[in-house]
Amino acid sequence: MSSETAVAAASNELPAFIWDDALIRRYDLSGPRYTSYPTAVEFTPDYTVEDMVKAAARSKASARPLSLYTHLPFCAHLCYYCACNKVITKKRDKAMPYVERVLKEAGIQSRLFGADRPVKQLHWGGGTPTFLPRDVMQHLMAGYAELFNLQTGDERDYSVEIDPREVDQDTLPTLWELGFNRISLGVQDVNPQVQKAVNRIQPRDMTEAVLNEARRIGFRSINLDLIYGLPYQTPESFAETLEAVIEMSPDRLSVFSYAHLPDRFYPQTRIQSETLPSPQQKLTILHNTINRLLEAGYEYIGMDHFAKPDDSLAVAQREGRLHRNFQGYTTHSDCDLVSLGVSAIGQTDDAYFQNNHDLPAWEAAIDAGQLAITRGVSLSRDDRIRRWVIGQLICQFRLDRQQFAAEWQEDFDRYFADELNRLKPMVQDELIADAGTVLQVQPSGRLLIRAICQIFDLYRKEGASQRFSRII
């Protein structure tokens with residue numbers, strides 16, 4: 001098989017990835033990102049609040065630790081590329097009423113899931129969590145401390161998404177005092193022309209100042225988000241952005257592909273399609289980006305994620321304990337997910353459930369003293385088996401048949417006879433190797449891991465992937 005590029009992670013190991021244009025053309029179709037299995041398109045409105053209450057009771061009986069997610073939807077500015085559930089407003093006084101409702105919802109969830117279970121992981125996402133004034137942040141975290149068993153040890157993973165444009169001299173010290181120890185900074189691109197086109201003016205020195213202050217305070221595993229495929233980006237301009245980011249030396253990097261879907265996301269109508277890089281330019285940007293980050297010493301975690309070798313994500317992947325959920329890659333596979341706020345998605349071992357997307361409807365449910373769950377799915381044993389398999393492939397890039405048998409008391413080859421048959425072309429194309437005891441994703445398969453995972457996705461067996469973004 002001819003390969004255009006191979007980059008070795010170490011001289012005595014397989015290359016970290018191989019870029020093969022022919023394989024990418026063949027397999028770069030649409031597919032899920034597998035932050036859950038079954039994916040969100042399988043969630044049904046037939047799933048009721050009563051179903052969720054039963055799932056929470058089973059979760060409580062398990063005594064597993066918890067992950068606590070909060071969706072904070074407010075943004076002071078509209079970024080034209082954004083597909084998140086958000087509320088654009090300059091009125092900071094909207095924050096406290098929302099937080100009061102979140103705490104009311106948290107009170108219900110705490111009783112259902114159990115207030116004594118250790119919260120190992122906590123995340124504020126958005127929207128723009130740093131839209132919240134200092135006193136509102138303090139009020140929210142104090143409320144959580146009363147309702148849940150928040151942790152203070154170094155092993156906790158308490159993270160928050162930060163817009164550097166929404167940071168004053170109190171923001172980072174306040175977050176540190178509240179127990180956060182990880183941050184993720186939205187950057188997207190440092191090029192002024194690109195920033196203007198997406199309505200996100202954010203000078204490089206602004207981002208750098210926030211990152212340096214976070215380091216000084218003691219935050220670890222600092223992540224920067226980039227997006228490729230935005231207006232006016234070229235391989236040359238994005239390479240310059242990447243050099244600026246490498247100089248900042250974040251511990252982690254997320255490099256997301258922009259999906260232009262103006263029919264689904266109204267803000268994207270402000271972006272003129274003729275200003276976007278061509279599909280070939282996007283592939284070139286991605287190719288160059290992966291090469292450069294590997295050269296700079298980052299490890300390719302998978303999908304859009306990169307981390308320094310000593311970062312906890314990279315360590316967890318090497319040790320075979322990396323996990324994936326709605327926040328992306330994580331080291332806390334043992335946590336059930338309690339999610340709060342509009343559109344938030346919770347997870348137990350055998351269920352997913354999502355709050356109402358509509359803010360007034362979510363508010364009305366909470367004001368009535370009810371949960372705002374509007375859809376979800378109960379997992380069958382087959383769903384849980386397939387979730388485990390997809391998780392092994394997308395996180396560890398390998399699947400051990402003996403480990404599978406020990407976990408599920410099933411023979412892998414018998415259970416997945418049809419899937420293994422459909423996997424044969426990928427084995428022939430060297431995307432994945434079957435050594436008998438282990439399925440091992442190959443360097444040319446890492447970029448196309450979503451295509452490999454789809455083989456084991458029962459809901460995608462008949463196709464029906466058009467509702468998802470392209471794999472690359």
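1. Helices α12 and α13 cross in the right-handed sense, meaning that the near helix is turned clockwise from the far one by less than a right angle. The model is predicted: local features need pLDDT of at least 70, side-chain atom pairs count only at pLDDT 80 or more, and totals for chains, interfaces and linings use all residues. Residues are numbered from 1 along each chain as its sequence is written, and side-chain values use heavy atoms, without hydrogens and water.

2. The axes of α12 and α13 (residues 401-408) come within 12 Å and cross at roughly 150°. That makes the two helices roughly antiparallel (over 145 degrees). Axes are lines fitted to C-alpha atoms, for helices over the stretch in contact, with angles from 0 to 180 degrees between N-to-C directions.

3. On the α12 side, the residues meeting α13 are Arg381, Arg384, Ile385, Trp388, Val389 and Gln392; α13 contributes Gln403, Phe404, Glu407 and Trp408. Contact means heavy atoms within 4.5 Å.

4. Three strands form an open sheet in the order β20-β22-β21, with antiparallel pairing. The twist averages 10° from one strand to the next. Pairing requires at least two DSSP bridges; helices (H or I, at least four residues) and strands (E, at least two) are DSSP runs, numbered from the N terminus.

5. Three bridges join β20 to β22 (residues 438-441). Arg398 has Gln440 of β22 as its bridge partner.

6. Helix α12 (residues 381-396) lies across β20, β21 and β22, at about 135° to β20. Helix α15 (residues 417-428) lies across β21 and β22, at about 120° to β21.

How values were computed: Angles under 35 degrees count as roughly parallel, over 145 as roughly antiparallel, 65 to 115 as roughly perpendicular and the rest as oblique.
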